[in-house]
Amino acid sequence: MIKSIICAGQGGQGVLTAGKLLMHAAADKGLHVTWFPAYGNEMRGGDASCNVIISDERIASPYADHPDIVFAMSEKAADIYEPEMASGGTMYVNSSLVDENRKFREDIKVVKCPATDIAIELHSERNANLCLLGKVMAGAELFSLEEFENSMCKYFEESGKGRFNEGNVKIVEAGFNA
């Protein structure tokens with residue numbers, strides 16, 4: 001099994017963190033994983049993305065030329081990475097920020113989740129990335145929800161942000177069930 005994933009959006013949307021959470025969940029599960037970030041010099045508003053490769057075997061390249069999964073937090077991210085996707089891949093779209101009438105390739109699956117709207121409802125707009133990750137957990141068959149949440153909580157605990165874990169779990173589950 002090898003899954004190539006691109007998490008993309010704008011600086012400040014948490015796409016690099018989303019990739020790190022996937023990386024840590026894979027490592028906690030004993031899988032091979034790479035995380036390769038790319039971002040401009042702007043802290044917020046510029047393009048940001050990361051490549052995550054998860055495999056049960058050694059990984060030859062850390063770059064996802066034709067990703068199986070694209071995690072798109074913005075319209076621009078969907079525009080940039082849709083053409084590169086592997087046929088049969090899945091794009092998880094933050095439909096709060098991507099035009100509802102946007103046309104997608106017919107050979108990919110598109111899963112929409114109003115991540116920003118859900119995060120605002122839960123008074124946690126900065127965690128829209130976690131909401132969309134919940135939707136990924138619901139459909140991508142990478143990790144069980146429990147495996148992902150345990151790894152996420154461990155990551156934030158080790159980062160000194162464990163006090164937010166209860167809210168983080170709540171928003172991941174909201175995305176999972178959306």
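## A tour from helix α3 to the helix pairs

Start by selecting T116, which sits in helix α3 (residues 115–121). Helices here are DSSP runs of H or I with at least four residues, strands are E runs with at least two, and both are numbered from the N terminus. The model is predicted: local features need pLDDT of at least 70, side-chain atom pairs count only at pLDDT 80 or more, and totals for chains, interfaces and linings use all residues. Residues are numbered from 1 along each chain as its sequence is written, and side-chain values use heavy atoms, with hydrogens and water left out.

**Stop 1: T116**

Is T116 buried or exposed? T116 is buried, at a relative accessible area of 10%. Buried means under 20% relative accessible area, exposed means over 50%, and partly exposed lies in between (1.4 Å probe, protein chains only). Now show its surroundings. Setting aside neighbours within four places in sequence, T116 has contacts with N94, S96, L97, E125 and A128. A contact means heavy atoms within 4.5 Å.

**Stop 2**

Next, turn to charged side chains. The count of salt bridges is 8. The rule asks for a side-chain nitrogen of Lys or Arg within 4 Å of a carboxyl oxygen of Asp or Glu.

Select E75 and R102. They form a salt bridge, with the closest N and O atoms 3.4 Å apart. E75 belongs to helix α2 (residues 75–81) and R102 to the loop between β5 (90–94) and β6 (109–113), so this pair ties together parts 27 residues apart in sequence. Colour by accessibility here. E75 is partly exposed, with a relative accessible area of 24%. R102 counts as buried, at 14% relative accessibility.

E82 is in the loop between α2 and β5, and R102 in the loop between β5 and β6, so the pair ties together parts that are 20 residues apart in sequence. E82 is buried, with a relative accessible area of 8%.

**Stop 3: K112 and E100**

Move to K112 and E100. Their side chains meet in a salt bridge of 3.7 Å, N to O. K112 is in strand β6 and E100 in the loop between β5 and β6; the pair links distant parts of the chain, 12 residues apart. K112 counts as partly exposed at 33% relative accessibility. E100 is exposed, with a relative accessible area of 53%. Now select E75, D79, E82 and R102 together: salt bridges that share partners join these four into one network.

**Stop 4: the aromatic pairs**

How many aromatic pairs does the structure hold? There are 2 aromatic pairs. Select F36 and Y63 to see an edge-to-face pair, 6.4 Å centre to centre with 90 degrees between the planes. Rings of Phe, Tyr and Trp (its six-membered ring) pair if their centres lie within 6.5 Å; planes under 30 degrees apart count as stacked, over 60 as edge-to-face and the rest as tilted. F36 lies in strand β2 (residues 32–39) and Y63 in the loop between β3 (47–55) and β4 (69–72), so to speak of distant parts of the chain, they are 27 residues apart. F36 is partly exposed, with a relative accessible area of 39%. Y63 counts as partly exposed at 37% relative accessibility.

Then select Y155 and F156. This aromatic pair is edge-to-face too, at 5.3 Å centre to centre and 65 degrees between the planes. Y155 counts as buried at 14% relative accessibility, and F156 counts as buried at 10%.

**Stop 5: α5 against α6**

Show helix α5 (residues 145–158) and helix α6 (residues 165–177). They pack at an angle of about 150 degrees, with axes 10 Å apart. Axes are lines fitted to C-alpha atoms, for helices over the stretch in contact, and angles run from 0 to 180 degrees between N-to-C directions. The two helices, α5 and α6, are therefore roughly antiparallel. Angles under 35 degrees count as roughly parallel, over 145 as roughly antiparallel, 65 to 115 as roughly perpendicular and the rest as oblique. α5 passes α6 in a right-handed crossing. A crossing is right-handed if the near helix is turned clockwise from the far one by less than a right angle, and left-handed if anticlockwise. Display the side chains: L145, F148, E149, M152, C153, F156 and E157 of α5 make the contact with N165, N168, V169, V172, E173 and F176 of α6.

**Stop 6: α1 against α4**

Finish with helix α1 (residues 15–28) and helix α4 (residues 128–139), whose axes come within 10 Å and cross at roughly 40 degrees. That makes α1 oblique to α4. Their crossing is right-handed. Select T17, A18, L21 and L22 in α1; they meet N129, L130, L133 and M137 in α4.
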